[in-house]
Amino acid sequence: MLWRRLLVPLTSLLFLLTASAGAEAAAASTDSAAAAESAAADYDAPGPYATAVEVGVVTTLYYPRDIASSDRRHPVIVWGNGTFAFPVVYRDLLLHWAGQGFIVAAANTPQSNLGISMRAGIDLLTRRNADTGSAFHDRVDLEHIGASGHSQGGAAAIVVGTDPRIDTVLPIQPGPLADIDDVHVPALLLAGQKDSIVFPFLVKAFYNDADHIPAIYGELRGADHLTVVGDPGPFAAPTTAWFKAHLMGDQTARAEFFGADCRICTDSGTWSDVRRNGLAKR
């Protein structure tokens with residue numbers, strides 16, 4: 001099976017990254033709203049929030065460290081891992097999103113395809129948001145939730161995309177065990193030009209089938225199946241921009257993907273192929 005080819009490289013990375021991962025990690029921080037605004041268009045740069053990590057039994061949370069004293073509610077991203085992988089494998093990407101102001105609820109399971117643990121992350125944050133004794137009390141924006149994941153977890157993001165609480169899906173090199181016909185929210189489907197595990201044509205198949213929703217296919221130049229592991233490299237900026245556009249209403253981020261002057265459409269240095277269906281061109 002294709003998924004078993006991930007076992008050795010991902011397991012090795014897991015041990016390497018676990019050794020350096022603590023219960024809490026800091027990203028770049030700032031005390032001024034003005035500084036946050038100035039960095040808004042640099043989606044690859046560290047965000048304005050220092051970050052924290054909470055490892056639970058079912059869910060690992062990556063979130064703005066000072067969320068209890070935040071003056072806003074923070075949107076949610078639920079995450080699914082690739083086969084035999086755990087959240088720590090994707091730690092840099094998940095912390096990057098947390099530093100940009102998102103709460104990431106990462107399923108701890110290495111077999112995420114059914115999306116059960118990803119949905120459990122939403123349920124957990126719903127309870128925390130209602131709990132007056134929790135640091136998350138009234139700080140979780142449950143009206144804006146996205147789903148993402150890598151490989152098997154990318155397929156899980158599509159599966160979870162049928163949940164009415166989800167506002168957008170961003171599958172990264174998704175495996176084939178999902179049906180995008182049942183998804184009714186915008187989708188950004190990411191492939192790697194040199195991926196020999198989830199070949200680009202498999203991701204294009206999802207895109208071609210997504211003619212009922214705004215859908216974009218983006219193939220990252222030179223990326224293989226493990227490019228997103230560890231340092232997320234070229235995946236950090238477009239994923240951050242997509243979630244800022246759909247979960248934070250960031251119009252600058254939206255212009256990366258939509259409109260006549262769509263920026264990813266002309267960035268041939270980053271992208272080897274970009275396709276937008278008719279609903280995504282509006």
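His74 stands opposite Val140 in β5, and that pairing is a handy way into this predicted model.

**Around β5**
- Strand β5 covers residues 140-150 and is mostly covered, with eight of its eleven residues buried.
- On one pairing, β5 runs parallel to strand β3 (residues 74-80), and seven bridges join the two.
- His74 and Val140, the pair we started with, face each other across these strands.
- β5 also runs parallel to β6, this time with five bridges.
- In that pairing, Gly149 sits opposite Pro171 of β6.

**The β1–β2 hairpin**
- Strands β1 (residues 51-55) and β2 (residues 59-64) pair up in the antiparallel sense, over five bridges.
- Three residues lie between β1 and β2, and the two strands make a hairpin.

**The negative patch**
- Five aspartates, Asp179, Asp181, Asp182, Asp209 and Asp211, gather on the surface as a patch of negative charge.
- Asp179 belongs to the loop that links β6 (168-172) and β7 (187-192).
- Is Asp179 buried or partly exposed? Asp179 counts as partly exposed because its relative accessibility is 37%, and that class lies between the under 20% of buried residues and the over 50% of exposed ones.

Key:
Residues numbered from 1 in each chain as written. Predicted model: local features only at pLDDT ≥ 70, side-chain atom pairs only at ≥ 80, totals over all residues. Heavy atoms only, no water. Patch = residues over 30% accessible without salt bridge, like charges linked within 9 Å, V, L, I, M, F, W, Y side chains within 5 Å. Areas by Shrake-Rupley, 256 points an atom, 1.4 Å probe, with all protein chains shown as cover. Salt bridge = Lys/Arg side-chain N within 4 Å of Asp/Glu carboxyl O. Lys, Arg positive; Asp, Glu negative; His and termini not counted. Charge placed at Lys NZ, Arg CZ, Asp CG, Glu CD. Helix = DSSP H or I, 4+ residues; strand = E, 2+ residues; numbered from the N terminus. Buried < 20%, exposed > 50% of the residue type's maximum accessible area, 1.4 Å probe, protein only. Pairing = 2+ DSSP bridges.
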